Amino acid sequence: MRIAMIGTGYVGLVSGACFSEFGVEVTCVDKDADKITRLQQGEIPIFEPGLDQLVKSNAAAGRLTFSTDLNTAVKQADAVFIAVGTPSRRGDGHADLSYVYAAAEEIAQAIDEYTVIVTKSTVPVGTGREVERIITKTRPDAEFDVASNPEFLREGSAINDFMRPDRVVIGAETDRAKEVMRQLYRVLYLIETPILFTAIETSELIKYAANTFLATKITFINEIADLCEQVGADVHDVAKGIGLDGRIGKKFLHAGPGYGGSCFPKDTLALVKTAQQYKSPLRIVEAVVDVNDKRKTAMARRIIDACGGSVNGKTVAMLGLTFKPNTDDMRDSPSLSIVAALIDAGARVQAYDPEGMDEAKKLMPDVIFCTDAYATMEGADVLAIVTEWNEFRSLDLARVKASLSTPIIVDLRNIYSPNDIEQAGFEYHCVGRPAMARSTSQ
Ligand code: UGA
């Protein structure tokens with residue numbers, strides 16, 4: 001089997017590398033010649049644990065190649081995956097499909113023999129049909145089928161998610177297309193991964209419904225955390241108590257500063273827009289989007305309150321900037337809203353993140369970036385933990401206390417135990433757990 005992966009962003013690169021590990025011959029194509037040259041030299045443009053090794057070994061074995069030549073890659077392929085970006089369209093929140101449609105047109109021009117054109121990018125319901133229409137219009141003689149094969153990869157554990165998925169969803173409607181897709185995922189059949197064949201529209205909606213459900217689950221526990229604080233309950237125990245019910249499940253019930261990243265914020269918004277367009281509003285999801293947006297700024301308020309109601313002229317030390325650990329991705333990270341609100345309130349922000357600082361520097365011009373966690377705390381009035389990187393979980397508390405000018409910690413990821421921190425002489429603020437008395441102005 002041979003495939004072309006159009007787009008070497010996060011999804012394209014991870015999927016391309018993983019398919020090649022399955023034994024498929026993969027050409028990853030991108031218009032960005034510089035990126036392709038760097039990939040050919042073994043340089044990986046994103047931080048994803050294990051990806052560099054996977055790319056290196058499969059490239060060395062000759063199964064994974066990188067090219068700017070879409071035409072040749074498509075001509076040789078049994079299936080062509082569209083994995084280009086679908087950013088939120090500026091102004092209206094709809095997914096911007098211009099890259100997907102441009103790719104469809106280019107692919108159409110190159111097709112020689114029967115090919116399955118697969119959308120891998122997260123695309124709104126109806127996109128597969130539009131891709132089909134574009135290809136038919138561009139090349140009425142082309143022999144092809146369209147399929148939808150959404151990805152369920154989490155940044156930071158994407159390779160494992162691809163190799164050992166809970167399920168694979170494939171929207172394909174002809175036996176021929178289904179057979180090509182079955183061959184591509186043959187390795188997963190052998191380990192009995194559930195593979196769900198559906199209509200194209202259904203497959204497209206499954207992706208959005210999955211991300212939206214997870215975003216709803218997180219937002220639900222975040223609001224329960226707020227309530228816990230008011231009634232003196234502990235959100236960890238509530239999450240455990242409900243999560244042990246098999247119908248609810250214990251995952252994605254960690255309260256925190258709100259969800260971020262390149263997927264949940266964009267996908268929840270796009271699904272709300274699709275639902276409005278089809279006059280079938282999703283009021284729950286509308287509330288989720290609103291609550292999550294407000295939560296990010298409420299977190300800044302929490303830091304301000306911990307400083308006695310004002311951060312004007314004060315220094316906030318911030319640990320963690322990426323939207324979650326094990327990624328360098330800053331897209332829609334809660335830290336962006338938190339930093340903006342703190343700077344607006346007159347604070348000086350010193351920050352450190354193990355992988356996200358190169359990107360953060362472009363987005364947070366007013367922040368002072370430090371070389372490690374302890375340098376960040378030097379002389380600060382409060383320490384705020386925003387992303388739960390492992391290296392922040394076992395800080396030397398005596399050193400933290402000596403570095404800060406006032407021993408206050410705001411732990412937005414609940415990575416410390418309130419007892420341990422208070423015994424070490426800190427004033428400790430966390431999320432949804434009984435800790436120090438907090439002002440009610442948030
Ligand atoms: C998410 C989905 O989990 C993947 O299945 C999906 O393929 C991907 O989007 C996508 O559509 O491409 P990702 O954005 O990498 O993956 O990150 P998650 O691990 O899902 O975390 C998203 C956000 O939710 C983060 O900000 C994280 O801190 C937050 N989160 C997650 C919580 O606040 N609490 C939790 O319990 C779990």
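Leu319 stands opposite Ile385 in strand E12, strands being DSSP runs of at least two residues and helices (H or I) runs of at least four, both numbered from the N terminus. The model is a predicted one, in which local features need pLDDT of at least 70 and side-chain atom pairs count only at pLDDT 80 or more, whereas totals for chains, interfaces and linings use all residues. Residues are numbered from 1 along each chain as its sequence is written, and side-chain values use heavy atoms, with hydrogens and water left out.

**The sheet around E9 and E12**

Strand E9 (residues 315–319) and strand E12 (residues 382–385) pair in the parallel sense over 4 bridges, where pairing requires that DSSP finds at least two bridges between two strands. Both belong to an open sheet of 6 strands with parallel pairing, ordered E11-E10-E9-E12-E13-E14. At its edges lie strand E11 (368–369) and strand E14 (427–429), each of which pairs on one side only.

Phe369 is found in strand E11 and counts as partly exposed, at 21% relative accessibility; in this scheme buried means under 20% relative accessible area, exposed means over 50%, and partly exposed lies in between (1.4 Å probe, protein chains only). Leaving aside neighbours within four places in sequence, Phe369 is in contact with Leu321, Ala351, Met357, Ala360, Lys361 and Met364, contact meaning heavy atoms within 4.5 Å.

Two asparagines in loops have a positive phi, a value noted here in residues other than glycine. For Asn326, in the loop between E9 and helix H14 (334–344), phi is near 65°, and the residue is partly exposed at 37% relative accessibility. For Asn414, in the loop between strand E13 (408–411) and helix H18 (418–423), phi is near 50°, but this residue is buried, with a relative accessible area of 7%.

**Strand E5 and its partners**

Strand E5 (residues 115–119) is mostly covered, 5 of its 5 residues being buried. Thr115, Ile117 and Thr119 point one way from E5, while Val116 and Val118 point the other way. With strand E4 (residues 79–82), E5 pairs in the parallel sense over 4 bridges, and there Val80 stands opposite Ile117. With strand E6 (residues 144–148), E5 pairs in the parallel sense over 5 bridges, and Val118 stands opposite Ala147 in E6. The chain crosses from E5 through helix H6 (residues 127–138) to E6 in a right-handed β-α-β crossover, a term that applies if, with the strands pointing away from the viewer, the path from the first strand over the helix to the second runs clockwise. The C-alpha atoms of Ile117 and Phe369, which are 252 residues apart along the chain, are separated by 45 Å.

**Salt bridges**

The structure holds 24 salt bridges, each being a side-chain nitrogen of Lys or Arg within 4 Å of a carboxyl oxygen of Asp or Glu. Some of them are set out here.

| Pair | Closest N to O |
|---|---|
| Arg129 and Glu132 | 3.3 Å |
| Glu143 and Arg176 | 2.8 Å |

Arg129 is partly exposed at 32%, as is Glu132 at 27%, and Arg129 and Glu132 are linked with Glu173 and Glu201 in a network of salt bridges. Glu179 and Arg182 both lie in helix H8, again 3 residues apart, about one turn of the helix; Glu179 is partly exposed at 37% and Arg182 at 31%.

**The two domains**

The domain assignment of the chain, which is automatic or taken from a database, gives domain 1 (2–198) and domain 2 (210–429). Taken over C-alpha atoms, the centres of the two domains are separated by 33 Å. Their contact takes 18 residues from domain 1 and 19 residues from domain 2. The area buried between them is about 1,400 Å², of which carbon and sulfur atoms give 53%; buried area here is the accessible area (1.4 Å probe) that two parts lose on being put together, summed over both. Between domain 1 and domain 2 the count is 0 salt bridges.
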